[in-house]
Amino acid sequence: MNVTDAAYLAVHSYPGGSESLGPRIGMSPAVLRNKVNPNCSTHHLSLAEADLIMAVTGDHRILHALAGNHGYVLELAGDVEDGRG
């Protein structure tokens, strides 16, 4: 999956979509929709915004897409304090 599709799906899969997620990340729903719209060339998602979307939604598709684009596969590190990570 490419990063653009991953961002679009992360926003639109969130319960309530951009209408619900936008205010939670300090952005208007319309601007958020434009930023993840693959057909919109005037608005772009920043790295900080992508990071915040992943933190709020728990959806890490964007991270997996970035890793895959560069030949990596992600593995959850686990809890560092328990010695697993």
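Biologist: In which helix is the place of S20, and how should I read such an element label?

Modeller: Helices (H or I, at least four residues) and strands (E, at least two) are DSSP runs, numbered from the N terminus. S20 has its place in helix α2, which covers residues 17-24. This is a predicted model, in which local features need pLDDT of at least 70 and side-chain atom pairs count only at pLDDT 80 or more, while totals for chains, interfaces and linings use all residues. Residues are numbered from 1 along each chain as its sequence is written, and side-chain values use heavy atoms, with hydrogens and water left out.

Biologist: Does S20 count as buried or exposed, and which residues does S20 touch beyond those up to four places away in sequence?

Modeller: Buried means under 20% relative accessible area, exposed over 50%, and partly exposed in between (1.4 Å probe, protein chains only). S20 counts as buried because its relative accessibility is 15%. Contact means heavy atoms within 4.5 Å, and, with residues up to four places away in sequence left out, S20 touches Y14 and P15. A30, which is found in helix α3, has 37% relative accessibility and therefore counts as partly exposed.

Biologist: How many helices and strands does the protein chain have?

Modeller: The protein chain has five helices and zero strands, and from the N terminus on its elements run α-α-α-α-α. Its C-alpha atoms fill a box of roughly 45 × 25 × 20 Å, taken along the principal axes, and buried residues make up 31% of the 85 residues. Of the contacts with a separation of 6 or more, 47% are accounted for by residues 24 or more positions apart.

Biologist: Which residues touch the most other members of the largest nonpolar core?

Modeller: A nonpolar core is a set of buried Ala, Val, Leu, Ile, Met, Phe, Trp, Tyr and Cys residues joined through side-chain atoms within 4.5 Å. The largest one here has 15 residues, of which V11, L21, I25, L32, V36, I53 and I62 touch the most other members. At least two residues of this core come from each of α1 (3-13), α3 (29-36), α4 (47-57) and α5 (61-69), and α1 supplies the largest share, four residues. Leaving out residues up to four places away in sequence, V11 touches G17, S18, L21, L32, V36 and I53.

Biologist: Which residues of α1 are buried, and which are buried in α3?

Modeller: The arc used to judge the side of a helix is that of the directions from the helix axis to the C-beta atoms. In α1 the buried residues are A6, A7, A10 and V11. Because they cover an arc of only 125° around the axis, they are on the same side of α1. These buried residues of α1 pack against α2, α3, α4 and α5. In α3, P29, L32, K35 and V36 are buried. They too cover an arc of only 125° around the axis, which puts them on the same side of α3, and what covers them includes α1, α2 and α4.

Biologist: At what angle do α1 and α3 pack, and at what angle do the axes of α2 and α3 cross?

Modeller: Axes are lines fitted to C-alpha atoms, for helices over the stretch in contact, and angles run from 0 to 180 degrees between N-to-C directions. Angles under 35 degrees count as roughly parallel, over 145 as roughly antiparallel, 65 to 115 as roughly perpendicular and the rest as oblique. α1 and α3 pack at about 150°, with their axes 8 Å apart, which makes α1 roughly antiparallel to α3. T4, A7, Y8, V11 and H12 of α1 make this contact with L32, R33 and V36 of α3. The axes of α2 and α3 cross at roughly 110° and come within 8 Å, which makes α2 roughly perpendicular to α3. Here S18, E19, L21, G22 and P23 of α2 make the contact with P29, L32 and R33 of α3.

Biologist: Which residues of α1 meet α5?

Modeller: V3, A6, A7, L9, A10 and S13 in α1 meet R61, I62, A65, L66 and N69 in α5. The axes of α1 and α5 come within 8 Å and cross at roughly 170°, which makes α1 roughly antiparallel to α5.
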